[in-house]
Amino acid sequence: MVFSSLLFLYVFLPLTVGLYYLAPRRFRNPLLFLASLVFYAWGEPVYILIMVVSTLLDFCCGLLVGRSRALGRDRAARLFVAVSVVGNLGLLVTFKYADFLAHSLGDLIGLPIPAPGLALPIGISFYTFQTMSYTLDVYRGDARVQGNFLSFGAYVALFPQLIAGPIVRYHEIAEDLDHRRESMELAAAGVRRLVIGLSKKVLVANSIGYAWDQVKALDPGGLPVLLAWFGILAFAFQIYFDFSGYSDMAIGLGNLFGFRFPENFRYPYSATSITDFWRRWHITLGTWFREYVYIPLGGSRAGPVRHLRNLLVVWMLTGLWHGASWNFLFWGLYYALFLVIEKFLFREAISRWPPFLGRAYAFLVVLVGWVPFEFTAVRGIAGYLASMAGFGGGGFGRAGLWDDRTRYLLGSFGVLLALAALGASGTPARWLRRLAASRLPSDGAPSLHPVPVAGLKTGGMAPGFLPVLAEAVGLVLLFLLATAFLVDASYNPFLYFRF
Amino acid sequence: MFRHAAAVFVALVLSLLAVLNVLQADRSFSEHENRYLQEFPAFSLERLVSGTFGREFDQYIQDQFPFRDRWIALKTLAERAAGRRDNGRIYFGRDGFLLVMDPESDPDRLARNSEALRQLLATLMTRHPGLSASILLVPTAPEVRPDLLPPHAPVPSPEFVAESVRSLLGCETPGAVGPGSCSVVDLLSALRTAAAGPDAPSLYYRTDHHWTTAGAFEAYRAWARAAGIQPSERDDFEIRPVSDRFFGTTWSSAHVLSLPPDRIDAWTAPWQDGLEIRVQDGPWGPGSLYHPEFLGKKDQYAYFLGGNQASVDIRTGAGTGRTLLLIRDSYANSVVPFLVRHFDRLLVLDPRHLNVPVDRYLDGLPDFEPTDFLFLARASSFGRNSEFGRLAGGAGS
C-alpha cells in the first residue's frame, strides 16, 4: 500500500487510528505491528516473509549480542553482529543485487551467468538497514536489548516509515517504542504534516513528474537546450517533492501514534555547497552511512589517504543503495568527486563565497547529477547531457534553443514550476512562520520541513483567531484538492521501487 | 482544541468521507467515463496471496469513491487554473473543442498494417480483376483544424500515416498491386479545404472524436471524386437534428464542468429507405441505417449503423450494377448513408471485430463479387493498432 492512495487515507488510516486509540496501551505496539504487516502485505503478500525473517534475525542477534556483552564475551558479541550484518546484506544482495552482479560478472568473464530475476521487495533497502542498526546499536551500547518481539516487530515494520523512510536508527526511537505518550498536540502536528506531505506528493510531484515523463519519452540526444533543462528541472522537483513529501507523511503519521521520527530533508535545493546538500538531502541515509560505515572505517581522522578511501567507499555504497546498476555507482562517485574537491581543495574558498554563488553552484551540480540518476544507459546519459550543453542537433540558433513542445510545456507547467521552486526554497514556510509568529510553525505552505518538536511548546500562548482560521481553511482546501487528484490518479508513480 | 482547528477539520472531512464511502451503494458503470467500474472484488485465499485481491480492492475504493465525477471535475478545474492545456488524454482546445491527444505512430506497426492491406488488395484484385479501390485514412479534428489546438501543442505530423501508406502500397503505379485501380485519397486536404472559410460547417464534434455528418459528407465527396463517381449534392438531403444532447468520448475523458453538448444531424434522402440489411449472421430483413434507440444512451454516435458491427450486409434498390466492399472503423458508420446511393450491395466489415482475418472471411462468401473496394479508418489508429494486421491472414501480427 502507498500513502498516496484513497485506500490508505480513507480506509486503512481511519481504521488503524481508531483501533489504536481504543486499544489499551499494552496492546498498542502489537496492534501497530499487525497493522503494518497488513499495510505491507497488501501489495506483496509473499514478500512479507523476507521482512519477518530479517526481523527475527535481528531480534535474536540483538538478544545474543546483549547477553554476550553482559557476560563480557566480546568475541561472541562480534560474531552475532557479523551474523546480523551478513544475514541482512545477504537478503539485500540476493533480492536487489543478484541480477546486477550476475550480469556484470558475466560481462567480465565473457560468459553468460544465469540471473535469478527476482522481483525487488518494496522497502527492503530501508528495513534491512533499520534492523541492522538495532544489533549494531546494542553492540555499541547505544541501545538496550528489546525483549519484546512484538515491540521490535512494530519498530521494523512500522508502516509510516516502512517503504520510503526516513531510516530510523533503533536508538533514536527506543525510548518512544516503549514509553511514548500520545498527545493532542503531537497528533495535531501530525495531521498538518500529513496533509502537507500529501499535497507535496500528489499536487506538486505527480503533476510536474508528468511533465518530465513527456520529455523523457523523447530521444535524449535530440532535445533543444531549453527543453532539456526544463525536463531535468521538472525531474529535480518531482523527486524532491515526492521523496520529501513521503517523509513528511511518514513523520506526520508517526506523530499521530506518538512517535517522533528524525527529519529527512531540510530544503536541500538551497544548499550552499555539495557538502551542505548532503546534510539536507535524505539526511537519515547519510547519517546511517556515516554512523555505521564511514566512522567505523576511521572517517577523516586516519590520514588523507584513508580519508579519501573512506569517502569513496561510502559514496559508492550510497550510489548503489539507490539502485542496482552502474549508473547509480557513477552517480555516487560523481558526488564523491565534488565532496573531495570541496574538502581537500576549496574548503576555505567555498566558505567565503557569497551564498547565492554557492547556491547556484550546488544546484547546478545536483541538477546535472540527476541525469545519470534517471537514465540507466550510457547512451541516454551522454545524449541528455549533450542536449543540455546545446549539442541536441538543433544547432545553436533558435531551433536548437526551443521548439513548439518546449513552449507548450513551459506554458502548461510554468506556473507549477515557479511554485515548486518557491516552495523548495523554504521562503513560504518562513513567511508563514513569521505571519503566525505566536504559534506553531506549521501551515498550509506547499513545503514545510522541520516542525521541530521543541516548537510544539506553545501551550500557554493564545493564538490569534485569524491565523487559526486561515490555517484551517488552507489545510482543508489542500486536503480536498489532494483527494481530487487521487480520485483521478492517472499518474501516481511510486519512485522508490529500485531503492 | 481551538488551536488545532486545522487538524480537527481535516480529521472531520476525512471521517465523513470514509463513512460515506462505506454507506453509499456501489455503481457498476460510469456513464460519465463510459466504462465499467470495479466492484467489490471476489475473495479467495489464492487471490489474496497473489495480491490480486489487494490490487482490485485498491481500484474498488478508487472507482467507488463518493462523488467521484465531481472530484475529477475539481481536479480538471485546478489543473486548468494552473495553466494546463491538456489532461494527458485531451487537449482543451479553442471554441470548446475537446481534442484527442494522439501519440506518434509506430513505424513498424504501420509497415505491418500496410503490408496486410496490400496483401488483401492483391488477393481481391486477383479474384476480381478491374476492382476499383480507394483508401481513406481519416484525419482527426486537430489535424484538419490545427487552429483549434492550444498554442504550440505538439502533435504528430498529420500527413505521416497517409504518405507512408501511399508509398508502402505503391498503388498509384498501375498494376503494382494487381489488375485494378487503387488510390490513397488525400482526405486531409479535402477536409481542410471544406473547413476553411467563415461559413464552413463544423466537420467534427466538439465532445467526441468522430466527425459530424457534415464531415462525413465531405469525406464521401472526396472519395467520389477519386473513384470517378458523380457525388450527391447537399441539396439532395433533408437535414434535421436528431439529438441536441450529445456528450461524446472526448467529453468523457475531459471531465469539464460546463460545456454545451453537441448536436447530431441526420442527412436523409429517399434512396436510404427500403433497404434489406443483414447484421452479422442474422437473417436478411428490412432495415435502416439509423438506430434512434441509441440517442437515449451514452454512445449516441451508434445512431449511425448501430455501432461497430463486425459485419453489415446491405442490399439497396440503386440499380447501378456495382457492389462495394467496405472495410472500416466507426468513422465510416456515418458515411454509409451517403454511399448506399451508388451500390446495389454493400458489405461493411470491421476487421477489429471479425473473428477471422478479412481475406478468410471473404473465402466464406464465394458469391460475393465486389466491383469497388473502400478502406476507411482513422489514420492514427492505422498507424499504431495491431488490429489492422487482421486485414489479411498471412500478414501483420
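Mentor: A contact here means heavy atoms within 4.5 Å. With that cut-off, 69% of the contacts in chain B between residues at least 6 apart in sequence join residues at least 24 apart. The model is predicted, and the values below are computed from it.

Chain B has 13 helices and 14 strands. Its C-alpha atoms fill a box of roughly 85 × 55 × 40 Å along the principal axes. Of its 397 residues, 54% count as buried. The chain exposes about 16,800 Å², and carbon and sulfur atoms supply 53% of that area. On the charged side, there are 40 positive and 48 negative side chains, with the centres of the two sets 4 Å apart.

Now the helix itself. Helix 5 of chain B covers residues 107-127, which is 21 residues. From the first C-alpha to the last it reaches 30 Å, close to the 30 Å expected at 1.5 Å a residue. At its start, a side-chain oxygen of Asp106(B) comes to within 3.1 Å of the backbone nitrogen of Asp108(B).

Next, which residues of helix 5 of chain B are buried? They are Arg109(B), Leu110(B), Asn113(B), Ser114(B), Ala116(B), Leu117(B), Leu120(B), Leu121(B), Ala122(B), Leu124(B) and Met125(B). When reading such a list, keep the helix geometry in mind. An α-helix has 3.6 residues a turn, so residues three or four places apart point the same way.

Two members of that list deserve a separate look. Leu120(B) sits in helix 5 of chain B. Its relative accessible area is 0%, and because buried means under 20%, Leu120(B) counts as buried. Beyond neighbours within four places in sequence, Leu120(B) is in contact with Ile327(B), Val358(B), Asp359(B), Phe373(B), Leu391(B) and Ala392(B). By comparison, take Ser132(B), which is 12 residues from Leu120(B) along the chain: the two C-alpha atoms are separated by 14 Å.

Asn113(B) is also in helix 5 of chain B. Why does Asn113(B) count as buried? Its relative accessibility is 0%, and the limit for a buried residue is under 20%. A polar atom of the Asn113(B) side chain lies 3.0 Å from the backbone oxygen of Asn385(B).

For another helix in the chain, look at helix 3 of chain B, residues 52-63. At 1.5 Å a residue its 12 residues should span 16 Å, and the end C-alpha atoms are 16 Å apart, which agrees. The buried residues of helix 3 of chain B are Phe53(B), Gly54(B), Phe57(B), Tyr60(B), Ile61(B), Gln62(B) and Asp63(B). Their packing partners come from two chains: helix 1 (6-22) and helix 21 (465-487) of chain A, and helix 1 (5-23), strand 2 (35-36), helix 2 (45-50) and helix 4 (68-81) of chain B.

Chain A meets chain B at Ala188(A) as well. Ala188(A) is found in helix 9 of chain A and is buried, with a relative accessible area of 2%. Not counting residues up to four places away in sequence, Ala188(A) touches His4(B) and Ala7(B).

Two loops of chain B are worth checking for backbone angles. Asp95(B) is in the loop between strand 3 (90-92) and strand 4 (98-100), and its phi is near 55°, a positive value in a residue other than glycine. His152(B) is in the loop between helix 6 (141-144) and helix 7 (160-169). Phi of His152(B) is near 70°, also positive in a residue other than glycine, and His152(B) is partly exposed at 27% relative accessibility.

Note on methods
Residues numbered from 1 in each chain as written. Chains lettered and ligands numbered in written order. Predicted model: local features only at pLDDT ≥ 70, side-chain atom pairs only at ≥ 80, totals over all residues. Heavy atoms only, no water. Helix = DSSP H or I, 4+ residues; strand = E, 2+ residues; numbered from the N terminus. Buried < 20%, exposed > 50% of the residue type's maximum accessible area, 1.4 Å probe, protein only. Areas by Shrake-Rupley, 256 points an atom, 1.4 Å probe, with all protein chains shown as cover. Lys, Arg positive; Asp, Glu negative; His and termini not counted. Charge placed at Lys NZ, Arg CZ, Asp CG, Glu CD. Expected span 1.5 Å × (residues − 1). Polar contact = N/O pair within 3.5 Å; in protein donor to acceptor, adjacent residues only side chain to side chain.
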